[in-house]
Amino acid sequence: MSTPPSPSAPPPAASPLSVAPPAPRHPPRRADCPWCGSRRLRPRQPATAPAARCALVVCRDCRHAFRNPPPGPDHPDGTLVRAGAALRHLLAARALLGRCPEPESWLDVDTGDARFPHTARRFFPYTSFDGLDPTHRVLRARAAERVEEAYVGRLTDPHLTARLRARYDVVSVLRPERSPDPRAELHAALRALRPGGHLLLDAVDPRVLLAHPPGTRPTARLRAELREHGCVPLTPAGSRRIIARTAPARPRTAPAQPRSTSA
């Protein structure tokens with residue numbers, strides 16, 4: 001009598017960080033500056049560059065440099081870029097450790113698969129990390145327990161701005177060049193911080209650095225904007241990475257006691 005065939009092994013379970021459905025590689029090309037709205041843009045790359053390539057563009061009015069069209073949220077990074085990002089994550093987390101050693105809550109903006117919270121957790125094991133991303137990759141990151149709460153969308157979305165107001169000790173934005181409105185996102189990040197909280201920015205895309213003349217400080221505009229909103233930059237002026245602290249909460253003053261009058 002023949003032996004019945006053994007049942008086949010079940011297929012392996014899908015990884016929580018499996019690849020998300022592909023999104024458009026590039027958003028539409030911009031005709032105005034994402035920082036000041038000016039339409040006086042000057043390309044920094046030759047006109048022979050391929051049309052699908054992100055060209056460097058400089059605003060003639062505010063000197064803001066950006067990639068046009070900006071890279072999409074699922075734009076693939078090369079091996080060298082991913083290796084550089086891993087080192088950047090490590091250095092950014094270590095830099096914040098000296099300024100804010102024990103944050104209770106942390107929001108990572110444009111977190112993707114939450115690689116940065118995964119790296120930062122080795123320095124901040126007791127911190128609660130949340131992630132926000134315009135794609136559903138952040139939901140897979142939550143399933144993999146890289147973040148505790150996951151939000152899909154932009155920080156500038158009004159319902160997210162209201163929900164996350166004054167909720168975090170740290171907000172990190174390590175890919176600001178991918179925001180369609182970096183100035184509005186900066187303001188929204190500040191609103192998500194508690195009084196005395198820390199904002200961590202890895203402010204400039206390395207390619208964008210090449211669009212600025214030697215000796216200039218491309219982060220000066222960000223620092224000025226932070227100061228206007230009551231933040232104190234804690235890192236040196238020439239640093240690409242910015243750590244800023246919001247103003248602490250004002251202590252409540254006790255009501256004045258009425259003076260007793262002697263008879």
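Predicted model: local features only at pLDDT ≥ 70, side-chain atom pairs only at ≥ 80, totals over all residues.
**View 1. The chain as a whole, with its 7 helices and 10 strands**. Of the 263 residues in the chain, 43% are buried, and the accessible surface comes to about 15,200 Å², of which 56% belongs to carbon and sulfur atoms. Among contacts between residues at least 6 apart in sequence, 60% join residues at least 24 apart.

**View 2. Helix H7, residues 220-228, and its buried residues**. Leu 222, Arg 223, Glu 225 and Leu 226 are the buried residues of this helix, and, seen down the axis of H7, they fall within an arc of 160°, so they line one face of the helix. An α-helix has 3.6 residues a turn, so residues three or four places apart point the same way. Arg 227 and Glu 228, on the other side of H7, are exposed. The helix is followed by Gly 230, which has a positive phi, near 80°.

**View 3. What covers the buried residues of H7**. The cover includes helix H5 (182-191) together with strands S8 (193-202), S9 (232-233) and S10 (241-245).

**View 4. Strand S10 and its pairing with S8 and S9**. Because 4 of the 5 residues of S10 are buried, this strand is largely enclosed by the rest of the structure. S10 pairs with S8 in the antiparallel sense over 5 bridges, and Arg 245 in S10 is the bridge partner of His 198. S9 and S10 also run antiparallel, joined by 2 bridges, and here Ala 244 in S10 is the bridge partner of Pro 233.

Definitions and conventions
Residues numbered from 1 in each chain as written. Heavy atoms only, no water. Buried < 20%, exposed > 50% of the residue type's maximum accessible area, 1.4 Å probe, protein only. Arc of directions from axis to C-beta. Contact = heavy atoms within 4.5 Å. Areas by Shrake-Rupley, 256 points an atom, 1.4 Å probe, with all protein chains shown as cover. Pairing = 2+ DSSP bridges.
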